[in-house]
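Reader: Hi! Could you walk me through the packing in this one?
Author: Happy to, just ask away.

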Amino acid sequence: MTQNIIQKDVLIFFLDDNYIVENKHCAFCYGGYFYEGSLSDLYKTIANVKNNLKLEEWMPIKWNFSEDLKNFYKKYWGINNFDQKWNDLIQRSKEIRKELIQQVGSIKILFSVFSTIKERKVEREWMVENLFQRIGLNMCPDSLNIIMCDFEHEKSETKKVLEEEYFNAYYTADRYYSGPLKNKGAFPSLSYSSTYFNPFLQISDIIVGCMANLVKNWLKNQNIDDFVKEIFFILKNNFVKQESTGEIFRYGIISQPENFKNFLHSKGLI
């Protein structure tokens, strides 16, 4: 890369994914956010939230306080009464997630979901293309724009789909309203990190986790948990939207089929 590109300011889109299987349907969810302020300020905000909640700075916060997350804490949390402390953390997990997502300030959220019958060939390229296109439309050409993904195994199908579509988005961008991402100040390849170690990706995990819960409710046509509603309403104003109408679908939320919008409307969320 040329020297003038290396010296540009950096704008990062933090991306996470979720895979859902419900009855005869499956859904692939991808989403995340741009933070246009100082990442050092965002880091301090996240650290302060954790400290105020009596957590240590290194402790990852995720949408699901899973067994894998428990094992990570157990490895790095040097305490004798671990099980009791972990159970206390689980009891406060809603408060912790809510406080973190409330305090991060102004972010620009994008989310894409593709749902299909399990037996059908899954064309995730449509969903990733639409997401990358909208990321491109929200890139700042005067900055170096990086898409940072939660870690994907070298041989995973997800990584293959992401990288092949990003290759197209960067160089040729067929069907892209944004044009090739190389003309938008984009970095030539995707970057990877881990939600466990990267506090910025923890925000993406909560965003996509909340949206994936809504997708599950959509596929099962069931009522939405009050906590999921609460987090969605905190996130809602941060979705990319059409400026004159405030419409977030097709701008900040892209779905196939499109009746995800009707479902959210029927539940009073939009």
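Reader: What does F111 touch?
Author: Counting contacts as heavy atoms within 4.5 Å, and leaving out residues up to four places away in sequence, F111 touches C29, Y30, G31, L131, M211, V215, F239, G252, I253, I254 and F260. Keep in mind that this is a predicted model, where local features need pLDDT of at least 70, side-chain atom pairs count only at pLDDT 80 or more, and totals for chains, interfaces and linings use all residues. Residues are numbered from 1 along each chain as its sequence is written, and side-chain values use heavy atoms, with hydrogens and water left out.

Reader: Nice. How many residues are in the largest nonpolar core?
Author: That core has 59 residues, and F111 is among those with the most contacts inside it, as are Y33 and F260. A nonpolar core here is a set of buried Ala, Val, Leu, Ile, Met, Phe, Trp, Tyr and Cys residues joined through side-chain atoms within 4.5 Å; buried means under 20% relative accessible area, with a 1.4 Å probe and protein chains only.

Reader: Switching topic: is F34 buried or exposed?
Author: F34 counts as buried because its relative accessibility is 1%. F34 lies in strand β2, residues 25-34 (strands are DSSP E runs of at least two residues, numbered from the N terminus).

Reader: And which residues does F34 touch, beyond those up to four places away in sequence?
Author: The list includes L11, F13, I107, K108 and N145.

Reader: Where is N238 found?
Author: N238 sits in the loop between α9 (226-236) and β6 (253-256), helices being DSSP H or I runs of at least four residues. With a relative accessible area of 17%, N238 is buried.

Conventions: Buried means under 20% relative accessible area, exposed over 50%, partly exposed in between (1.4 Å probe, protein chains only).
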